[in-house]
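Subject: Structure handover

Hello,

Here is the structure for you to look at. My notes on it follow below.

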Amino acid sequence: MVVARDLPGFEERFAEVKGVRMRYLVAGSGPALVLVHGLGGAASNWIAVAPGLARSRRVLVPELPGHGGSAPLAAAPNLNPYADRVAGILEREGVAGAAVVGHSLGGSIALRLAIRHSGLVGAVVLAGAVGISSRRPAAVYGLRLSALVQPGRRIAPYRQRIAVSPLLRTLVFGGWGASDPVAMPARVADAFLAGPARHSDTLSAVRALLHEDPRSELDRVTCPCLVLWGARDTQLSVADAFEYTRRLGARLRLIADCGHLLIGERPDACVDAIESFLRDVGQ
């Protein structure tokens with residue numbers, strides 16, 4: 001067993017899925033729970049959430065193609081190839097009927113997974129999911145610019161210095177990601193900055209995301225859903241949360257005093273929301 005350094009207590013595994021070498025982490029036992037990170041993220045993004053969930057569940061944390069330690073895709077016309085690679089990991093691990101929690105881009109991929117591989121998914125939690133306001137012109141420009149400039153990769157070498165400095169945390173995470181960057185623990189800030197240095201292709205994910213509008217197929221999601229959102233998310237409006245909730249017939253939980261990076265800012269509240277929802281729907 002190889003212990004993952006970026007997510008303590010988890011075992012590192014690799015799988016060849018449809019020609020792509022995928023890295024994923026596993027810990028715990030019990031009902032299966034899958035955590036899918038967002039654009040430019042990595043498994044380490046779940047450092048404040050995954051250990052708590054793994055106390056009572058078997059938690060799998062894949063790294064999306066082109067992110068972290070997973071190889072890039074040859075082509076990605078839409079998000080389906082990303083969802084299919086996650087599905088391949090679940091099949092390899094003998095998982096069926098899993099709960100899937102997706103943050104940001106991971107939320108859209110969780111929805112694609114539920115549509116294309118419904119037998120593998122028993123419930124979905126959308127944590128600040130992209131797909132609605134991210135299609136607006138200003139958001140499209142910002143996504144493309146970020147993918148080209150790759151600010152995360154540029155600052156990753158200085159992540160430890162940033163993580164311990166309240167001022168630098170505010171400069172890096174303030175405005176778009178965290179409502180209160182000063183309150184974000186240093187280890188969590190470091191975990192969000194650790195992935196970009198290992199990325200090989202995030203631009204394809206941006207192009208795939210912008211290619212489709214998830215609203216056109218939300219009626220095909222048949223499993224129970226929870227929409228989990230930071231009440232002060234300035235990157236993706238709370239209006240998106242209301243629209244996802246309405247279209248999916250989902251439950252809605254707003255987490256106070258946090259922004260888009262809610263899984264890092266208010267991890268205890270996120271764990272409580274996820275666990276309460278899954279208990280209620282028999283997962």
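**Helix H2 against helix H3**

Asn80, Tyr82, Ala83, Asp84, Val86, Ala87 and Leu90 in H2 meet Ile109, Arg112, Leu113 and Arg116 in H3. By class, that H2 contact with H3 has seven nonpolar, one polar and three charged residues. Bear in mind that this is a predicted model.

Now the geometry. H2 covers residues 80-92 and H3 covers residues 105-116. Their axes come within 9 Å and cross at roughly 70°. Angles of 65 to 115 degrees count as roughly perpendicular, so H2 and H3 are roughly perpendicular to each other. H2 passes H3 in a right-handed crossing.

**Helix H7 against helix H8**

H7 spans residues 166-173, and H8 spans residues 186-194. The axes of H7 and H8 come within 12 Å and cross at roughly 40°. These two helices are therefore oblique to each other. The H7 and H8 crossing is left-handed.

On the H7 side, the residues in contact are Arg169, Val172 and Phe173. On the H8 side, they are Ala189, Phe192 and Leu193. By class, the contact of H7 with H8 has five nonpolar residues, no polar residues and one charged residue.

**Salt bridges**

How many salt bridges does a search of the whole structure find? The search finds 20. Here are some of them.

Take Arg13 and Glu93. Their side chains meet in a salt bridge, at 2.7 Å from N to O. This pair links distant parts of the chain, 80 residues apart. Arg13 sits in strand E2, and Glu93 sits in the loop between H2 and strand E6 (98-103). Arg13 is partly exposed, with a relative accessible area of 24%. Glu93 has a relative accessible area of 13%. Buried means under 20%, so Glu93 is buried.

Glu93 has another partner, Arg58. The closest N and O atoms of Arg58 and Glu93 are 2.5 Å apart in their salt bridge. Arg58 belongs to strand E5 (residues 58-62).

Next, Asp84 and Lys18. They form a salt bridge whose closest N and O atoms are 3.9 Å apart. Asp84 is in helix H2, Lys18 is in the loop between E2 and E3, and the two are 66 residues apart. Is Asp84 buried or exposed? Asp84 counts as buried, at 9% relative accessibility. Lys18 counts as exposed, at 57%. Asp84 is also one of the H2 residues that meet H3.

There is a network too. Salt bridges link Asp6, Glu12, Arg23, Glu63 and Arg198.

**Backbone points**

Most residues other than glycine have a negative phi. Two residues here are worth a look on that count.

Lys18 is not a glycine, yet has a positive phi of about 50°. Its loop runs between strand E2 (11-17) and strand E3 (20-27).

Asp257 is not a glycine either, and has a positive phi of about 60°. Asp257 is found in the loop between strand E9 (251-255) and helix H11 (262-265). Asp257 is partly exposed, with a relative accessible area of 45%.

**Two more positions**

What does Asp240 touch, not counting residues up to four places away in sequence? Asp240 touches Ile132, Ser133 and Trp229. Asp240 lies in helix H10 (residues 238-248). The relative accessible area of Asp240 is 2%, and Asp240 is buried.

Gly282 is found in the segment after helix H12 (267-280). Gly282 is exposed, with a relative accessible area of 65%. From C-alpha to C-alpha, Gly282 and Arg161 are 44 Å apart in space. In sequence they are 121 residues apart.

**Where to start**

I would open the view at Glu93, which forms salt bridges with Arg13 and with Arg58. Then go to Lys18, which has the positive phi and the salt bridge with Asp84.

Best wishes

How values were computed: Residues are numbered from 1 along each chain as its sequence is written. Side-chain values use heavy atoms; hydrogens and water are left out. Axes are lines fitted to C-alpha atoms, for helices over the stretch in contact, and angles run from 0 to 180 degrees between N-to-C directions. Helices (H or I, at least four residues) and strands (E, at least two) are DSSP runs, numbered from the N terminus. Angles under 35 degrees count as roughly parallel, over 145 as roughly antiparallel, 65 to 115 as roughly perpendicular and the rest as oblique. A crossing is left-handed if the near helix is turned anticlockwise from the far one by less than a right angle, and right-handed if clockwise. Contact means heavy atoms within 4.5 Å. Ala, Val, Leu, Ile, Met, Phe, Trp, Tyr, Cys and Pro count as nonpolar, Asp, Glu, Lys and Arg as charged, and the others, Gly among them, as polar. Buried means under 20% relative accessible area, exposed over 50%, partly exposed in between (1.4 Å probe, protein chains only). A salt bridge is a side-chain nitrogen of Lys or Arg within 4 Å of a carboxyl oxygen of Asp or Glu.
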